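Visitor: I'd like to learn how to read salt bridges in a model. Can you walk me through some?

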Amino acid sequence: MRKIRYIFAICLLFCSLAGNSQIQFRGAWIATVANIDWPSEEAVGHTDLQLDEMIWLLDSLQSIGVNAIIFQVRPTADALYYSELEPVSHWLTGVQGSWVEQVPWDPLEWTIDEAHKRDMEVHVWLNPYRVNLARTDTSMLSSNHIMRRHPDWFWEYNKQWYFNPGLEETRDWICTVVSDIVERYDIQAIHMDDYFYPYPVGGKPLPDTLTFKENPRGYDNIADWRRNNVDMAIQDLSATIHECRPGVEFGISPFGVWRNASVDTTGSATQAGITNFDDLYANIRLWIQAGWIDYVLPQLYWEIGKKVADYQVLANWWAKEVRGTNCKLYIGMAPYRLEGASPKTAWGQGNEIGRQMRLNRTIPEISGECFYSSRPLLRNPRHVCDTIQSFQ
């Protein structure tokens, strides 16, 4: 009997080390803003090069076991897909403008076809509020951009322009854009990341005091009002997506810390300088509990053991948040941090991504992983691609 118990214990240990069968989703972000992943700066405006680069990305990602791409098609209130609502992205063509005049193909439709040939899901990634980057002023906006037609829907913060989240018109417009995509394309999910209200800069106040005064909706506290603005947008988007096509999921990839336990005992044992709830006005916990999102993919871009934001602490905290809900948990991982990492850091020693993937397999609620972003990943720093492939 003792021998049987011993063998049983060894089997349990082996299963734990081998990995949980629920690890199924393996994604990679393909970022288009600033030509991070696709198309390269050299390929801007050149269809043949763009096609070749996407084929290389898809083939390379498939070879290491990636089964889903998160493809950024609306980085700055523009489009890398055929749209009659927003202009073609200058990250694709070099100049914003009309699809009919500038682009002979539909990158999203073509990429969906190629990804599906490889049995890869396509999650369409949109940034809801951002209009430009600080280094690209609004002079590059085309005449048909929504900001040209409705400048009163927007405000500026730190040299960037944003849709005003406090306006009903903003929520309606984003839902119109999303419904157009969901109805026309064979996608598996709509995906949004951590850019809701802008990250705070140098104590600069957000320029929404007047909007709050004009329509407080019963709120006395502007922070609560801001959170409610985003809550309403997420709820509306969820309803829009699921009504248009019930099989399409809605996923959010938030900043990795919801709140620190020092300000909220239900938060994580972290000391993050920025949090979703307090600084980005994104109450992810509510969205999970209310069933508005189908998956949450927190960006845990820190190492195991980091004092202010420990990967292990956060992985377990998010696991607890989804427990008992219908919301799936995937983990966003940072192979880009392996590039040029100092040998004095965790990223420059051993195999941090491998450590994290092994940890994930000990947490039953974690059912997938996603890597930011594709080109840094495929440069294979510290043989990370081999590591990922070994977990298939």
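Visitor: Which residue forms a salt bridge with R379?

Guide: The general idea first: side chains of opposite charge can pair when their charged atoms come close. In this predicted model, the partner of R379 is E339, with 2.7 Å between the closest N and O atoms. R379 sits in the loop between α14 (374-378) and α15 (384-390), while E339 is in the loop between β9 and α13, so the pair ties together parts 40 residues apart in sequence.

Visitor: Is R379 buried or exposed?

Guide: Exposed counts as over 50% relative accessible area, so R379, at 52%, is exposed. E339 has 33%, so that one is partly exposed.

Visitor: What does R323 pair with?

Guide: R323 meets E365 in a salt bridge, at 2.7 Å from N to O. This pair links distant parts of the chain, 42 residues apart: R323 is in the loop between α12 (311-322) and β9 (328-333), and E365 is in the loop between α13 (352-360) and β10 (366-371). With 49% relative accessibility, R323 counts as partly exposed.

Visitor: And E114 with R118: are they buried or exposed?

Guide: Both are buried. Their side chains meet in a salt bridge too, 2.9 Å from N to O. Look around them as well: E114 and R118 belong to a network of salt bridges that also links D59 and K117.

Visitor: How many salt bridges are there in the whole structure?

Guide: A search of the whole structure turns up 19.

Conventions:
Residues are numbered from 1 along each chain as its sequence is written. This is a predicted model: local features need pLDDT of at least 70, side-chain atom pairs count only at pLDDT 80 or more; totals for chains, interfaces and linings use all residues. Side-chain values use heavy atoms; hydrogens and water are left out. A salt bridge is a side-chain nitrogen of Lys or Arg within 4 Å of a carboxyl oxygen of Asp or Glu. Buried means under 20% relative accessible area, exposed over 50%, partly exposed in between (1.4 Å probe, protein chains only). Helices (H or I, at least four residues) and strands (E, at least two) are DSSP runs, numbered from the N terminus.
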